[in-house]
Amino acid sequence: MKIEIMSRDTILIVLGVLFTLHTSAQRVRDLIIQNPTYASCNYDVYPDSVPNNLTPSPKGKKPFYISHYGRHGSRYISSRSGFDTPFRMMAHADSVNELTPIGDRVFDEMKLIMDDTEGRWGELTIHGKEQHRQIAKRMVERFPEVFSGDARVKCISTIVPRCMMSMGCAMVQMKQMNPRLRITMEASQRNQWYMNHQDKKLRRGYMTPEAQKAYDAYISSRLGNSRLMELIFKNPDIVKEIVDEEDFNYYLMKMGLFQQNTHLRQNTYLQDLFQTDELYQMWQIDNALWYIQHGACKLNGGKQPTSQRYLLRQLIADADSCLRLDKPGAQLRFGHETVLLPLVCLIGINGYDLATDNLDELEEKGWWCSSVFPMGANLQFIFYRSGPKDKDVLLKVLLNEQEATLPIPTDCAPYYHWADFRSYCLEKLK
């Protein structure tokens, strides 16, 4: 048997890869330590500030057009069911005198949250309004050429009130910065076919038997929380007859983290009940499910991102039309995370087109849904040229206002040739 000895360079490369994978896996936990709401995935809160570290414009070119799709800002939970699950369990335990002193405090906090949320299900919060004002402010400050003079800003929202409110807040901010802007806003059922398309066939078929088996195996060691049960209930073993440990742990954790989106964000009592590893495990459970639902998961055929094929075609068609204009301005769209995430996966931004049947690979390979779609998440395509006659249009992609990569070759990173990007997307859409 021939034994091949690796060279020193090869060993260093292998060690480097192993180190990268290890540190990548550790980084999610570190992010949760710094920001516990990262563990709540699509309930995560958009950052209050964003580093202004963009690469300067390519030589001789300047930004002239922006195409955008953004998620609504922070909202109240969309329906009562998410809070009702742990609340009803607590109410039942309280009725039979099974709450510890800590449990009594937890129940009081839950009542406060339920009272505050009543009648506001799914509404944009004060914090969500401010997020969109700040995102719009930074957009104008970063790309003043696009918003100068009487530039056009065309805005389209889905027909959901929180999205329309997000659009309105952004436009009020822009109008304050430049009163001459020609702004149009629209929210119509006529645009739903691409602004919020939910492919029913894909949605029905995402959890194949193979995917269900892999998901169940993945989450089996990450469910439940006996420590929490002992903290809140006098007799955990008896209370298990009326309290589902797995559901209670999961939904109470979500309830606590969700408050960072509301005016109750300074009250972290429920959030502080949980240890970092417990939050981390919940993130792993959710991240895997979001991948199966919207990522290029091999366990269900890998077609889930194509749910946003109509939106991607519309983005290209809109850009083709606007690039013919001397001063096209901006086209801004306001929608939902269940559109933004698969769109990012469909295009392959930052490696989110990852295709695997191994859920344990998601974390080490950087498929972290929380980094894509916090409340207020946005995708910006910034177009550059030297003038209206310049045929070599470049674009840069910003995911949540930070420069992103595309899976296509370029000689001017982080910029890409529009012709290359357009061809790549159209080929993929075939």
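E210 is partly exposed, with a relative accessible area of 49%, where partly exposed covers the range between buried, under 20% relative accessible area, and exposed, over 50%, as found with a 1.4 Å probe on protein chains only. What you have open is a predicted model, in which local features need pLDDT of at least 70 and side-chain atom pairs count only at pLDDT 80 or more, while totals for chains, interfaces and linings use all residues. Residues are numbered from 1 along each chain as its sequence is written, and side-chain values use heavy atoms, with hydrogens and water left out.

Next, select helix 8 (residues 209–219) together with helix 12 (residues 276–294), which pack at an angle of about 170 degrees with their axes 10 Å apart. The axes are lines fitted to C-alpha atoms over the stretch in contact, and angles run from 0 to 180 degrees between N-to-C directions. Helix 8 is therefore roughly antiparallel to helix 12, on a scale where angles under 35 degrees count as roughly parallel, over 145 as roughly antiparallel, 65 to 115 as roughly perpendicular, and the rest as oblique. To see what makes the contact (heavy atoms within 4.5 Å), show A211, Y215, Y218 and I219 on helix 8, and Q284, I285, A288, L289 and I292 on helix 12. By class, eight of these residues are nonpolar, one is polar and none is charged; Ala, Val, Leu, Ile, Met, Phe, Trp, Tyr, Cys and Pro count as nonpolar, Asp, Glu, Lys and Arg as charged, and the others, Gly among them, as polar.

**N249 in helix 11**

Move on to N249, which lies in helix 11 (residues 245–258) and is buried, with a relative accessible area of 9%. Apart from neighbours within four places in sequence, N249 is in contact with G224, N225, L228 and F274. With N225 there is also a polar contact, side chain to side chain, at 3.0 Å; a polar contact is a pair of N or O atoms within 3.5 Å, and within protein one must be able to donate a hydrogen and the other to accept it, while residues adjacent in sequence count only if both atoms are side-chain atoms.

What surrounds H336, once its neighbours within four places in sequence are left aside? H336 is in contact with Y69, G70, R71, H72, T158, V160, R162, C163 and N196. From this set, pick out T158, whose side chain makes a polar contact with the side chain of H336 at 2.9 Å. H336 itself sits in the loop between strand 4 (329–335) and helix 14 (337–347), and at 6% relative accessibility it counts as buried.

**Backbone stops**

Most residues other than glycine have a negative phi, and most peptide bonds are trans. With that in mind, select C41, in the loop between helix 1 (8–34) and strand 1 (62–71), which has a positive phi of about 55 degrees although it is not a glycine; at 0% relative accessibility, C41 counts as buried. N350, in the loop between helix 14 and helix 15 (361–364), is another non-glycine residue with a positive phi, near 55 degrees, and at 33% relative accessibility N350 counts as partly exposed. Then go to A413 and P414, which are joined by a cis peptide bond with omega of about 5 degrees; P414 is found in the loop between strand 7 (402–403) and strand 8 (416–417).

**Two pairs to finish**

Select R27 in helix 1, a partly exposed residue with a relative accessible area of 47%, and then G366: although these residues are 339 apart along the chain, their C-alpha atoms are separated by 9.6 Å. For the last stop, take I126 in helix 4 (residues 126–142), which is exposed at a relative accessible area of 65%, and L429, 303 residues from I126 in sequence and 39 Å away in space, C-alpha to C-alpha.

Methods: Helices (H or I, at least four residues) and strands (E, at least two) are DSSP runs, numbered from the N terminus.
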